[in-house]
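Here is a briefing on two ligand sites, written for a quick read.

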Amino acid sequence: MLKKVLIANRGEIAVRIIRACSELGIRSVAIYTEPDRYGLHVKRADEAYSLGDDPLEGYLDPLRIVNRALETGCDAIHPGYGFLSENARFAQLCEQKGITFIGPKSTVIAKMGDKTSARDSMRAAGVPVTPGSDGNLANLEEALALAETIGYPIMLKATSGGGGRGIRRCDTAEELTKQYPRVISEATKAFGSADVFMEKCIVNPRHIEAQILADAEGNVIHLFERDCSIQRRNQKLIEIAPSPQITPEQRQYIGELAVRAAKAVGYENAGTVEFLLTGNEVYFMEMNTRVQVEHTITEQVTGVDIVQEQLRIASGLPLRYDQQDIQLHGYAIQFRINAEDPKNDFLPSFGRITHYYAPGGPGVRVDTAIFTGYDIPPYFDSMCLKLVVWALTWDDVIARGRRALDDMRLHGIRTTSNYYQQILAHPDFQKGDFNTSFVPDHPELLNYSTKRHPSEIALVLASAIAAHAGW
Ligand code: ADP
Ligand code: ADP
Ligand code: MG
């Protein structure tokens with residue numbers, strides 16, 4: 001078993017990994033930049049080291065991180081999600097310096113992190129891919145000609161994109177002409193690569209993804225699927241496991257496709273294969289070669305601790321489970337509580353959390369790094385808490401989600417939690433009938449009342465009185 005792991009991340013996912021290390025008796029090492037000096041991951045790790053004043057540079061510097069791991073006697077690095085997690089150069093540097101990168105081989109990251117080469121590998125393996133360009137687009141003329149063949153609407157996508165950015169739907173040649181340079185510029189800025197490609201736009205699809213685990217001996221299993229169709233601007237808001245809207249046959253087929261995809265590229269460790277589903281058609285979209293934000297819900301319905309399994313696999317241990325060992329139990333929903341104001345076009349709402357009361361009770365899990373008095377820094381992702389609920393049936397998990405969202409108090413910033421209450425109250429959501437257009441199709445769900453809760457009014461009054469009295 002690994003003995004000491006450096007966590008090249010921050011926030012809730014760093015805390016999540018520290019917890020898994022602690023349960024396995026592995027020493028954890030945190031890194032941080034100045035705005036995170038008082039962050040929870042710094043407090044909870046066994047050791048913590050500053051990587052400088054710049055908020056982001058330290059988390060994005062492969063050489064410094066690998067050197068810090070070596071200096072502190074770590075045998076492995078866990079990259080979490082975001083930051084360097086899908087950076088093949090970082091994984092390669094670990095390999096060269098004799099540090100275990102907790103994830104697949106750098107060559108596999110390179111292959112799957114590039115969406116067009118991933119599509120090539122999947123086609124070769126007999127996994128159906130979304131119709132689209134063979135590789136990257138050379139210029140606008142090629143894009144326009146290909147769009148005529150595929151038929152509008154089409155999706156223009158950044159080849160090394162992620163996090164829902166660098167994707168534009170184009171319904172006409174005029175739109176494509178307008179969006180083409182925009183996507184290139186966004187891709188260059190956000191991902192450091194100007195490569196773009198084209199896919200047929202699957203209209204009103206469901207986003208269904210399968211979690212896989214693969215060990216060094218080539219054993220691959222899937223942990224069934226997650227339904228991430230509740231999205232805004234191609235970014236996930238609410239995730240569900242298992243999907244309430246696929247048949248047992250589709251479930252089995254998608255799981256098998258994901259295993260085939262992983263085997264075809266010699267995948268090792270945890271990964272997610274994302275698909276778009278329309279009617280009975282399933283198309284491969286991309287593979288995320290890392291732990292995902294929504295791994296939590298799969299843990300709740302299968303009982304498998306995915307992060308512990310990542311650490312075991314990276315230690316060279318074989319998988320502890322056969323496919324038959326993996327059974328689904330109930331339903332889980334994850335709410336990404338973002339520090340954003342839904343009523344103001346989801347504008348980020350950073351600042352001090354004046355009061356936080358955690359939801360609890362049966363079937364409730366919270367993954368977060370916030371606490372009362374915590375200042376959400378403006379430099380990072382706006383997701384500040386993951387609320388996960390579990391129950392035996394679909395109806396019960398919705399009721400539990402509504403109750404847990406109501407339980408939670410998060411004052412001082414605006415969040416997405418009231419908006420999620422509106423989604424849970426919608427009859428189509430309750431019927432388990434929704435696709436990736438649900439959010440744009442229901443703008444009326446943003447018209448909820450922002451009346452403050454009595455407990456929040458009391459706090460605001462108390463602090464006003466305190467300020468007035470000069471306390
Ligand atoms: P998941 O795929 O786990 O559901 P997201 O797509 O929401 O998660 O991404 C999680 C985090 O990682 C976000 O902060 C997102 O901006 C970041 N991220 C994802 N892919 C990339 C990428 N290719 N380049 C840079 N950041 C990324
Ligand atoms: P990212 O790497 O940012 O996660 P993805 O390729 O996974 O990007 O796409 C993100 C989301 O964008 C999908 O979940 C889906 O809602 C939408 N999307 C992407 N490609 C298509 C497509 N070809 N047709 C319809 N929707 C798409
Ligand atoms: Mg994706």
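Domain 2 (131-200) and domain 3 (206-454) each contribute residues to the shell around ligand 1, so ligand 1 lies between them. The domain bounds come from an automatic or database domain assignment. This is a predicted model: local features need pLDDT of at least 70, side-chain atom pairs count only at pLDDT 80 or more, and totals for chains, interfaces and linings use all residues. Residues are numbered from 1 along each chain as its sequence is written, chains are lettered from A and ligands numbered from 1 in the order in which they are written, and side-chain values use heavy atoms, without hydrogens and water.

**Ligand 1**
- Arg-290, Val-293, Glu-294, Arg-336 and Asp-381 come nearest among the 16 residues around ligand 1 (near: a heavy atom within 4 Å).
- An oxygen atom of ligand 1 lies 2.6 Å from a polar side-chain atom of Glu-294 (polar contact: a pair of N or O atoms within 3.5 Å).
- The protein buries 79% of the 560 Å² that ligand 1 exposes when taken alone (Shrake-Rupley method, 1.4 Å probe).

**Ligand 2**
- Ligand 2 also lies between domain 2 (131-200) and domain 3 (206-454), because both give residues to its shell.
- Lys-115, Gly-164, Glu-199, His-207 and Gln-231 come nearest among its 22 residues.
- A polar backbone atom of Gly-164 is 2.6 Å from an oxygen atom of ligand 2.
- An N or O atom in the side chain of Gln-231 is 2.6 Å from an oxygen atom of ligand 2.
- The protein covers 95% of the 550 Å² of accessible area that ligand 2 has on its own.

Definitions and conventions
A polar contact is a pair of N or O atoms within 3.5 Å; within protein, one must be able to donate a hydrogen and the other to accept it, and residues adjacent in sequence count only if both atoms are side-chain atoms.
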